[in-house]
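Morning, everyone. I have one structure to walk through today, and I'll keep it brisk. Have a look at it first.

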Amino acid sequence: MRILQLHSDFITYKPVEKELSQAEEVEKTEVHIEEVVVLFTSVEEGDTVEVSQKAINDVRAFLGRLKVNKILIYPFAHLSSNLSKPSEAFSVIKEMENYAKQKNIETYRAPFGWNKQFTISIKGHPLAEQARTYTAQALKSVTQTENASVCKDKKDEETVSDALKAEDNLKSFWHILQVDGLLVPVEEFKFKSNSNLQKFVNYEIKKTRAVTVMPPHVPLMKRLEIADYEHGSDPGNVRWYPKGRMIKSLLEQYITTRVQAYGGMEVETPLMYDFNHPSLASYLNRFPARQYVLKSEDKELFLRFAACFGQFLMAHDAQISYKHLPLKLFELTRYSFRREKSGEVVGLKRLRAFTMPDCHAFCADYEQAKQEFITRFDLCIDVLDNIGLAKDDYEIAMRFTKDFYAEHKEFIASLATKFGKPILAEVWNERFFYFALKWDLNFVDNQGKAAALSTDQIDVENAKRYGITYVDEKGEKQFPLILHCSPSGAIERDIYALLEKAYFEQMAGKAPMLPMWLSPTQVRLIPISDKFLDNVEKIAKQITDKCIRVDIDDSASTLQKKIREAEQEWIPYIIVVGEKEIESGTLSVRIREFKGKQEALTVEQLVSKVSEKIVGKPYKPLPLPMHLSKRPQFYG
RNA sequence: GCCUUCGUAGCCUAGCCCGGUGGGGCGUUACCUUGGUAAGGUAAUGGUCGCGGGUCCAAAUCCCGCCGAAGGCUCCA
């Protein structure tokens with residue numbers, strides 16, 4: 001017997017039509033029940049009355065903790081592929097109902113054998129969602145919280161006879177993977193110089209945090225007019241001001257170029273998918289809770305939470321030969337939607353709508369997958385380095401089963417050696433997720449909280465699930481291994497990391513700034529008075545012609561104030577232009593990197609100085625009018 | 001989602017405990033100032049005190065509900 005137990009604010013259901021000849025007679029009226037624990041129940045072959053009683057006893061114990069005494073038994077065939085005969089199932093369900101009533105539980109039951117329409121609102125507390133499996137052989141239950149997911153769906157449970165064993169398998173064993181490839185239990189590792197890794201480990205394992213302050217990137221994203229909350233939307237859907245849009249666009253462009261150079265074929269796939277599509281229905285229909293759901297005519301759709309769906313459906317229909325492998329599909333999703341719990345949505349760190357590069361590589365076998373994995377590992381680290389996040393700024397976690405480790409020990413060790421810093425390793429006794437190996441790169445912020453950026457995984461399940469095949473040398477169809485990689489993680493999260501990093505630097509006494517290629521204004525020209533505006537415009541043109549973003553502060557303010565404001569905008573080069581400069585042809589450039597130290601440079605020298613720093617990066621023109629007097633103020 | 005705290009003009013904030021004309025700063029606009037490297041001066045402008053309900057002669061202030069944010073918890077495809 002499989003039960004999905006959901007503590008609900010309410011459920012509304014309506015019998016639509018009979019699906020079985022044995023279906024009971026009921027009226028097709030809508031039923032609405034509030035504050036109820038709904039038990040979606042599949043009766044499996046061999047289930048007995050005792051099994052249903054055991055299930056009710058367990059549920060009863062839970063009701064006490066939830067402080068509810070109302071249940072709805074909802075016959076639901078879709079939890080199992082090993083259903084018992086309908087007649088037997090119906091009698092077990094009725095027994096379950098009777099037994100629950102005997103135990104003084106307020107019991108409702110949805111009709112058996114009907115196709116029913118339902119709407120359910122599930123509470124968000126940790127005990128609200130529970131999945132249980134019972135068998136006649138071992139009247140023990142396995143309980144676990146479930147997640148709605150295709151991309152990281154937990155493996156469909158096998159019938160588990162020993163609860164303790166299952167618990168053990170779920171347990172994570174934490175180690176540190178040293179640079180020399182040795183796996184050391186985390187308790188025995190001496191952190192010493194690796195204080196950032198220590199922070200990350202604390203966050204991952206102990207969930208403890210050092211500081212309790214407001215995330216500094218939130219006021220920064222507003223003050224720098226990058227992004228802001230949009231109260232006219234849903235939490236976690238933010239607005240991007242011109243400067244922010246430019247930064248984001250540059251990052252998108254850069255990452256796309258890098259993935260294309262690596263061999264990723266850029267595609268575009270739909271934002272919304274049909275709940276009832278055969279490849280998706282079985283995984284999603286059960287758990288509509290965490291997706292954005294929308295209705296269109298008689299269709300129920302959900303918004304994608306990754307590019308997996310579109311690319312997998314595309315790969316399913318494609319004719320793929322072993323000669324094409326590894327085959328790489330890429331999409332930069334704007335957006336992916338995840339309806340994160342409201343308490344978890346923060347600034348740019350965790351959003352409900354985010355932009356994510358997602359590259360899947362379909363590989364013939366482990367040999368090919370491993371080779372590809374290494375290429376992508378290098379790609380991810382290099383991409384982040386170019387974005388402005390170096391190895392010192394993050395820590396890597398690697399997650400695998402002990403069997404996988406035994407088979408691929410050298411491979412895992414080689415990744416650690418390549419990285420050159422100790423890695424946190426999470427080891428499981430048994431594979432529970434769809435991947436055999438996963439690494440994720442984590443930025444640890446000013447609150448001591450970690451957020452995953454880049455990631456790559458070896459997926460050993462979804463090819464089968466989606467019916468993706470290639471034809472091998474012998475002409476036989478084979479399921480490929482699928483690597484899932486986001487070379488940078490969500491773009492918004494990259495910006496979060498850059499802002500948090502800048503704040504770290506400010507705390508360390510440096511002038512906070514963005515990488516040169518992402519600075520909305522790279523050079524600010526300040527004419528000392530209106531008399532020099534014409535000259536300044538000529539200089540601005542010379543600089544703009546070299547693809548450098550330069551603007552002019554022609555506002556009616558004092559010189560000192562203009563400098564102060566330019567500094568607060570984190571502008572890397574600030575130049576005051578007056579008679580001296582015009583006469584000498586040399587600019588006195590205030591350099592942020594050196595805390596405002598001034599240096600005398602010609603226009604040409606300045607241009608080459610900036611160009612050097614942005615070589616190889618995409619360019620976009622100023623996102624705002626060149627003259628500050630023409631700019632609105634978006635925030636503050 | 002839960003617990004705690006918070007929500008006052010475009011932004012920051014005083015007032016709330018102890019009910020009785022909402023005060024300051026930044027910004028914006030105008031004028032004066034045309035300057036030499038992080039806040040020049042004067043004035044004007046700007047408020048459904050988050051939204052809805054209740055108590056009261058009277059509510060920014062007390063009570064209830066909702067929305068939003070932060071911190072903690074939990075979770076994190």
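Start with strand β24. Leu481, Leu483 and Cys485 point one way from it. Ile482, His484 and Ser486 point the other way. And all of them are buried. As a reminder, side chains in a regular strand alternate between the two faces of the sheet. One caution before going on: this is a predicted model.

So how enclosed is β24? Of the 6 residues in 481-486, 6 are buried, so the strand is largely enclosed by the rest of the structure. For burial, the cut-off is 20 or more other C-beta atoms within 10 Å.

Which strands pair with β24? Strand β17, residues 353-363, is joined to β24 by 5 bridges, antiparallel. Phe362 has Ile482 of β24 as its bridge partner. Strand β21, residues 450-459, also pairs with β24 in the antiparallel sense, again over 5 bridges.

Now step back to the whole sheet. It is open and has 10 strands. The order is β9-β8-β19-β18-β20-β21-β24-β17-β16-β12, and the pairing is mixed. At the edges are β9 (183-185) and β12 (265-266), each pairing on one side only.

Stay with β16 for a moment. β16 and β17 pair over 10 bridges, antiparallel. Within that pairing, Glu331 has Asp358 in β17 as its bridge partner.

What packs on this sheet? Helix α11, residues 409-419, does, touching β8 (173-177), β18 (394-401) and β19 (423-428). Its direction makes about 180° with that of β18. Helix α9, residues 366-387, lies across β17, β20 (435-444), β21 and β24. The angle between α9 and β21 is about 160°.

There is a second sheet to mention. This one is open, with 3 strands in the order β13-β15-β14, paired antiparallel. β13 (272-274) and β14 (293-296) stand at the edges with a single partner strand each, so one side of each has no neighbour in the sheet. Ignoring direction, neighbouring strands here are turned by 35° against each other on average. Between β14 and β15, residues 299-303, there are 4 bridges. Lys295 stands opposite Glu300 in β15.

Next, the backbone. Most residues other than glycine have a negative phi, and most peptide bonds are trans. Here are the departures I want to flag.

Where are the cis bonds on my list? One joins Leu325 and Pro326, with omega about -10°. Pro326 sits in the loop between α8 (308-317) and β16 (327-337). Another runs from Arg334 to Tyr335, with omega near 10°. Tyr335 is in strand β16 itself. Please look at that one on screen.

Then the positive phi values. Cys547 has phi near 60°, and it is not a glycine. Cys547 lies in the loop between α14 (533-544) and β26 (550-552). Lys595 is not a glycine either, with a positive phi of about 55°. Lys595 belongs to the loop between β28 (587-591) and β29 (597-601).

Are these two buried or exposed? Cys547 is partly exposed, because 14 other C-beta atoms lie within 10 Å. Lys595 has 10 C-beta neighbours inside 10 Å, so it counts as exposed.

That's my tour. Over to you for questions.

Key
Residues numbered from 1 in each chain as written. Chains lettered and ligands numbered in written order. Predicted model: local features only at pLDDT ≥ 70, side-chain atom pairs only at ≥ 80, totals over all residues. Helix = DSSP H or I, 4+ residues; strand = E, 2+ residues; numbered from the N terminus. Buried ≥ 20, exposed ≤ 12 C-beta atoms within 10 Å, placed from the backbone. Pairing = 2+ DSSP bridges. Axes fitted to C-alpha atoms, helices over the stretch in contact; angles between N-to-C directions. Contact = placed C-beta atoms within 7 Å.
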